[in-house]
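Have a look at the sequence and the fold before reading on.

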Amino acid sequence: LHRSLRRPAFRRRCVYDSRVLGDGEQRGNENASHPLDVAIPLFVYMGRAMSAVQQSVTLEDAASAVWDCIVIGAGSAGSVVARELARIDVRVLLVDKAKFPRYKVCGCCIGRPVQDALSRIGLGELLQREGAIATKKFDVRARRLHATIPLPEYRVLSRERFDAALAREAIACGAALLPGTQATLDTVHDDERTVCLRNADCSGH
């Protein structure tokens, strides 16, 4: 292999911050042999602990209940919608096909519009509480090329941590969370909808 195509020797010596890199980015680095890499499993463990969210309702109870609203997808938007509905006494079920923590490849940089939106709904301290890192710029380097991208007033937080925090906020306001469940629309009537719920082993209700 040509020397210029080899992986840089320093790559395995990085210490990863669990606030910025989620479990998915770190998983491939757990078996490195360099002494500095002993920190990586600890950061992975911390990231998983901070990103864990337990379901607040069983599949059986969710299937036997009549809900005012079912929100499918417990990402940042879904959890905020579920939280806001629960705050006005809507009986809401929040469903996600994955279990927490779950890896997301996108969305670690949170700009001012999102920060302002969080403040308007009473979650202005959420990013600070979760340990989001303030940043002003982003450097990109490849061989001899270098570019700097300004990121004014951005906060950096992994989607694993961000989504988990918002899901916990939804639960705290009264929403029921059912992770590890697929939801599909079944029958449709004028005044009601039937949603089919299936868990990881494909059993449904």
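## Ground rules

This is a predicted model, so local features need pLDDT of at least 70 and side-chain atom pairs count only at pLDDT 80 or more, while totals for chains, interfaces and linings use all residues. Residues are numbered from 1 along each chain as its sequence is written, and side-chain values use heavy atoms, with hydrogens and water left out.

## The chain overall

The protein chain has seven helices and eight strands; these are DSSP runs, numbered from the N terminus (helices: H or I, at least four residues; strands: E, at least two). Of its 205 residues, 35% are buried, meaning under 20% relative accessible area with a 1.4 Å probe, protein chains only.

Take the contacts (heavy atoms within 4.5 Å) with a separation of 6 or more: 64% of them join residues 24 or more positions apart.

## Helix H4

H4 takes in 12 residues, 76–87, and its end C-alpha atoms are 17 Å apart, which agrees with the 16 Å it should span at 1.5 Å a residue. That expected span is 1.5 Å times one less than the number of residues.

Which residues of H4 are buried? They're Gly-78, Ser-79, Ala-82, Arg-83 and Ala-86. Seen down the axis of H4, the buried residues fall within an arc of 130 degrees, so they line one face of the helix; the arc is taken from the directions from the helix axis to the C-beta atoms. Their cover includes strand S1 (69–72), strand S2 (92–95) and helix H7 (159–172). After H4 comes Asp-89, with a positive phi near 70 degrees.

## A charge over a ring

Arg-91 has its charged end over the ring of Trp-67, 4.8 Å from the ring's centre. To count, NZ of Lys or CZ of Arg must be within 6 Å of the ring centre and within 35 degrees of the ring normal.

How values were computed
Buried < 20%, exposed > 50% of the residue type's maximum accessible area, 1.4 Å probe, protein only.
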